[in-house]
Amino acid sequence: TAVRRKSEGYLKPDEADRLLRIGRIYEEATRVLGAEDRAAGWLNHPSPYLYNVTPLSLLDSDGGAQAVSEELGRIDYGELA
């Protein structure tokens, strides 16, 4: 898809939305976790607080992104052990 879109010169609206969600959540995870590699690892590791799926897999929708953002908020405020 990325190669095809690059040759076309644009993303479809749903692809652009998902890319923006991923970027926003990645930035938030980097801030909360303190490093890009930690953020990437957390996004790709199943979370018991997110029904044992990876946070990244939830970023297809605004609702999923909200759940991931809320989880990052709990981590940031120390609500998780």
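**Close-up A. Asp60 is exposed, with a relative accessible area of 51%.** Exposed here means over 50% relative accessible area, buried means under 20%, and partly exposed lies in between (1.4 Å probe, protein chains only). The model is a predicted one, in which local features need pLDDT of at least 70 and side-chain atom pairs pLDDT 80 or more, while totals for chains, interfaces and linings use all residues. Residues are numbered from 1 along each chain as its sequence is written, and side-chain values use heavy atoms, with hydrogens and water left out. The partner of Asp60 is Arg18: their side chains form a salt bridge, N to O 2.3 Å (a side-chain nitrogen of Lys or Arg within 4 Å of a carboxyl oxygen of Asp or Glu). Arg18 sits in helix 2 and Asp60 in the loop between helix 3 and helix 4 (62-76), so this pair ties together parts that lie 42 residues apart in sequence. Helices are DSSP runs (H or I, at least four residues), numbered from the N terminus. Arg18 itself is partly exposed, at 29% relative accessible area.

**Close-up B. Arg31 and Asp76 meet in a salt bridge, with their closest N and O atoms 3.1 Å apart.** Here, too, distant parts of the chain are linked, since Arg31 belongs to helix 2 and Asp76 to helix 4, 45 residues apart. Look for Arg31 as an exposed residue, with 54% relative accessible area; Asp76 is partly exposed, at 34%.

Close-up C. Glu71 is buried, at 1% relative accessibility, whereas Arg74 is partly exposed, at 28%. The salt bridge count for the model is 4.

**Close-up D. Helix 2 (residues 13-33) and helix 3 (residues 36-43) cross at roughly 120°, their axes coming within 8 Å.** The axes are lines fitted to C-alpha atoms over the stretch in contact, with angles from 0 to 180 degrees between N-to-C directions. This angle makes helix 2 oblique to helix 3, the class left after roughly parallel (under 35 degrees), roughly antiparallel (over 145) and roughly perpendicular (65 to 115). The crossing is right-handed, with the near helix turned clockwise from the far one by less than a right angle.

**Close-up E. Ile25, Tyr26, Ala29, Thr30 and Leu33 of helix 2 meet Glu36, Arg38, Ala39, Ala40, Trp42 and Leu43 of helix 3.** Of the residues in this contact, 8 are nonpolar, 1 is polar and 2 are charged. Contact means heavy atoms within 4.5 Å. Ala, Val, Leu, Ile, Met, Phe, Trp, Tyr, Cys and Pro count as nonpolar, Asp, Glu, Lys and Arg as charged, and the others, Gly among them, as polar.

Methods: Helix = DSSP H or I, 4+ residues; strand = E, 2+ residues; numbered from the N terminus.
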